[in-house]
Amino acid sequence: MSLNKSEKAAVVTDVSAQAARSQTLALAEYRGLTVENLNKLRVDARSKGVYLHVLKNTLARRAVAGTPFEVAQGAMVGPLIYGFSEDAVAAAKVITDFAKTNDKLVIKGGAYAGKALTVDGVKALAAIPSREVLIAQVAGLLKSPIQRMAGVLAAVVEKRGGTAPAEAVAEAPAA
């Protein structure tokens with residue numbers, strides 16, 4: 001069923017608003033996927049904050065015109081599902097993970113930071129850990145030297161036959 005002019009304008013406005021909030025666009029051809037598989041993909045995407053939409057390519061080109069995703073217009077050919085995400089890796093990760101388990105979903109390209117991504121670029125972006133994992137890794141790196149210093153100090157105190165600083169405070173006479 002085709003859309004009338006006002007419905008097309010509403011779709012373009014909606015997708016343009018989503019593109020303005022997003023960092024990443026991932027494109028995949030969905031030819032041959034069953035409705036059940038598409039629904040699984042949408043549920044997975046929704047849970048990870050990814051906006052997935054099947055669009056006519058002409059509407060998608062209009063929606064991304066003037067945005068950093070305009071560079072991906074060359075890949076907008078064929079029946080595509082468009083994935084936009086505010087998180088830099090979420091859209092690429094959702095589409096790549098689903099494509100690993102379902103060969104009917106074929107990654108076509110994408111865009112990130114104003115640069116067009118090839119299929120390999122989308123897969124490389126999907127391989128980057130999520131924001132939460134990266135924050136945890138940095139916190140671990142910051143905590144590591146402090147833990148090592150505490151371990152060294154405890155070993156020095158133990159070697160000298162003294163008590164550990166926490167035990168020394170507990171044993172100190174009350175004034």
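Student: In which strand is valine 106 found?

Tutor: This is a predicted model: local features need pLDDT of at least 70, side-chain atom pairs count only at pLDDT 80 or more, and totals for chains, interfaces and linings use all residues. Residues are numbered from 1 along each chain as its sequence is written, and side-chain values use heavy atoms, with hydrogens and water left out. Helices (H or I, at least four residues) and strands (E, at least two) are DSSP runs, numbered from the N terminus. Valine 106 belongs to the run of residues 106-112, which is strand S4.

Student: Is valine 106 buried, exposed or partly exposed?

Tutor: Buried means under 20% relative accessible area, exposed over 50%, and partly exposed in between (1.4 Å probe, protein chains only). Valine 106 has a relative accessible area of 35%, so it is partly exposed.

Student: Which residues does valine 106 contact, beyond four places in sequence?

Tutor: Contact means heavy atoms within 4.5 Å. Leucine 27 is 79 residues away along the chain, yet its C-alpha atom and that of valine 106 are separated by 8.7 Å. Leaving aside neighbours within four places, valine 106 is in contact with Leu27, Ala28 and Glu29.

Student: What pattern does the chain follow along the sequence?

Tutor: The chain has seven helices and five strands. Read in order, they give α-β-α-β-α-β-α-β-β-α-α-α.

Student: What is the radius of gyration of the chain?

Tutor: This radius is taken over C-alpha atoms, and the globule rule is 2.2 Å times the number of residues to the power 0.38. The rule gives 16 Å for 175 residues. The chain is well over that, so it is more spread out than a compact globule, with a radius of gyration of 25 Å.

Student: Are the planes of tyrosine 51 and phenylalanine 84 stacked, tilted or edge-to-face?

Tutor: Rings of Phe, Tyr and Trp (its six-membered ring) pair if their centres lie within 6.5 Å; planes under 30 degrees apart count as stacked, over 60 as edge-to-face and the rest as tilted. By this rule there are two aromatic pairs. The rings of tyrosine 51 and phenylalanine 84 have centres 6.3 Å apart and planes at 50°, so the pair is tilted.

Student: How many residues apart are tyrosine 51 and phenylalanine 84?

Tutor: Tyrosine 51 is in strand S2 and phenylalanine 84 in strand S3. The pair links distant parts of the chain, 33 residues apart.

Student: What is the relative accessible area of phenylalanine 84?

Tutor: Tyrosine 51 is buried at 19%. Phenylalanine 84 is also buried, with a value of 1%.

Student: Which residue forms an edge-to-face pair with phenylalanine 84?

Tutor: The centres of this pair are 5.6 Å apart, with 70° between the planes. The partner of phenylalanine 84 is phenylalanine 69.

Student: Which residues form the aromatic cluster?

Tutor: Phenylalanine 69 and phenylalanine 84 are both buried. The one cluster consists of Tyr51, Phe69 and Phe84.

Student: Which residue's backbone nitrogen does the side chain of serine 85 reach?

Tutor: A polar contact is a pair of N or O atoms within 3.5 Å; within protein, one must be able to donate a hydrogen and the other to accept it, and residues adjacent in sequence count only if both atoms are side-chain atoms. Serine 85 is found in strand S3, and it is buried, with a relative accessible area of 0%. At 3.1 Å, its side chain reaches the backbone nitrogen of alanine 91.
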